[in-house]
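Subject: Structure for your files

Hello,

Here is the structure I said I would pass on. My notes on it follow below.

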Amino acid sequence: MKLLSIAMFFIASSACISSAGAGNVQIQVLDRDGKPVPDAVVALYPSASGSTAAPSLLQASPTIEQERMRFVPALTVVAPGTTIRFTNQDRWDHHVRGNAAGPVPTGAAANEGFELRLAGRQDGQPAQTADVTLRNPGVVLLGCHLHGSMRGHVFVADSAWTLKTDTDGIARFASVPDGAAQLRVWHPEQLVDLPRKGLQVQAAPLLDKVQLSVVPRPRRPAPAPSAPAAAPAGGGTAPHVHY
């Protein structure tokens, strides 16, 4: 019985030590009208590394689909050095153009631009793919020469503590090192970057809010899995779609 009590004491002590060095942080992003903003980028920059290593918050091998005249997802967040696979699910040809956009983090080099073309998907055949590696932090604007309405973004993070907000406009971080931290919020329609905000992370959960100065345009919902859309009549190139 005594040995059991000692063991329970050490377990409780270990839990207290680990929780004392890290806290849970939730950041909600709101638009100018006070409504939640999904798909905003939230980055934390803890001043102390602490005893807890930054978790793997981002996909190691993400895929961006070109589907129904859209980049899906419209915003992808990756770590530097990540290889992204582009896949054309439409029956018509698409082009992919990637150009550095926005400010580049201090001391970092801008990502080189890239261009590639993906043929339309044929019945009974796998979709055509191409891989691109983005090595440096910064924002990459995606477009298509063939269909000017198509837009997307890749945010290459300069902090391991980086997430997209969910449908409630919230990014949830667990086990953030205690102490001072800087907070950055980015959204493609916020043309002037918001200033970074200081936070004090403690063991107690922290909920903070950041408000954009814009109201982002609503996006069409992501396409549901279904049979491929019919190719445009008269050729392999789809008409421009504006939304």
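Thr82 belongs to strand E6 (residues 82-88); strands (E, at least two residues) and helices (H or I, at least four) are DSSP runs, numbered from the N terminus. The model is predicted, so local features need pLDDT of at least 70 and side-chain atom pairs count only at pLDDT 80 or more, while totals for chains, interfaces and linings use all residues. Residues are numbered from 1 along each chain as its sequence is written, and side-chain values use heavy atoms, with hydrogens and water left out.

Thr82 counts as buried because its relative accessibility is 7% (buried is under 20% relative accessible area, exposed over 50%, partly exposed in between, with a 1.4 Å probe and protein chains only). A polar atom of the Thr82 side chain lies 2.7 Å from the backbone oxygen of Ala79. Leaving aside neighbours within four places in sequence, Thr82 is in contact (heavy atoms within 4.5 Å) with Gln59, Ala60, Pro62, Val132, Thr133 and Leu134.

**The four-stranded sheet**

E6 is part of an open sheet of four strands, ordered E4-E3-E6-E9 with mixed pairing; two strands pair if DSSP finds at least two bridges between them. Strand E4 (71-72) and strand E9 (128-134) are the edge strands, each pairing on one side only. Strand E3 (residues 63-66) pairs with E4 in the antiparallel sense over two bridges, and Glu65 stands opposite Val72 in E4.

**Asp93**

Asp93 sits in the loop between E6 and strand E7 (94-101). With 24% relative accessibility, Asp93 counts as partly exposed. The side chains of Asp93 and Arg117 are joined by a polar contact of 3.4 Å (a pair of N or O atoms within 3.5 Å; within protein, one must be able to donate a hydrogen and the other to accept it, and residues adjacent in sequence count only if both atoms are side-chain atoms). Asp93 and Arg117 are 24 residues apart in sequence and 7.4 Å apart in space, C-alpha to C-alpha. A polar atom of the Asp93 side chain also lies 2.8 Å from the backbone nitrogen of Gly120.

Regards
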